Amino acid sequence: MEIHYSPKGVCSRQIDIVVENDVIKSVKFTGGCHGNTQGVAALATGMTVQEYLSRCKGIRCGSKGTSCPDQLAKALEEALMTAAV
C-alpha cells in the first residue's frame, strides 16, 4: 500500500510511505529538518506499523502539539482506518 500524506503543524510538507504486509518498507519526507526526517525514515523502515505507532505516536516537537514522527504515525493510522472500511 502506498500512502501520500500532507502533514499538519510541522515543517515537512509531504510524507510518502510504502507498507507491505504490515511492515513499513520506505518513508520519504518532503521538507522539514532534513537530517531529522532522514533519521525517522531510516528508523521506521523495517518496523511493523503497530511497533512504529507504539514508539512514536504522540511525540511532540518543542511547544508544538505534534512532530514529524507523530505525523507519520497519524498517516499510518488514517491508512489503517481507511483500509479497514
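These legends walk through a few close-up views of a predicted model. Local features here need pLDDT of at least 70 and side-chain atom pairs count only at pLDDT 80 or more, while totals for chains, interfaces and linings use all residues. Residues are numbered from 1 along each chain as its sequence is written, and side-chain values use heavy atoms, with hydrogens and water left out.

**View A. Strands β1 and β2 pair up.** Strand β1 (residues 2–5) and strand β2 (residues 12–20) run antiparallel, with four bridges; strands are DSSP runs of E, at least two residues, and helices are runs of H or I, at least four, numbered from the N terminus. Strands pair if DSSP finds at least two bridges between them. Look for Y5 opposite I15 in β2. Six residues lie between the strands of this hairpin, where G9 has a positive phi near 85 degrees.

**View B. β2 also pairs with β3.** Here eight bridges link β2 to strand β3 (residues 23–31), again in the antiparallel sense. S12 sits opposite G31 in β3. This hairpin has two residues between its strands, and N21 takes a positive phi near 50 degrees.

**View C. Helices α2 and α3 pack together.** The axes of α2 (residues 49–56) and α3 (residues 68–84) are 9 Å apart, at an angle of about 140 degrees; axes are lines fitted to C-alpha atoms over the stretch in contact, and angles run from 0 to 180 degrees between N-to-C directions. Contact means heavy atoms within 4.5 Å. On the α2 side, V49, Q50, Y52, L53 and C56 meet α3 residues including L72, A73 and L76.
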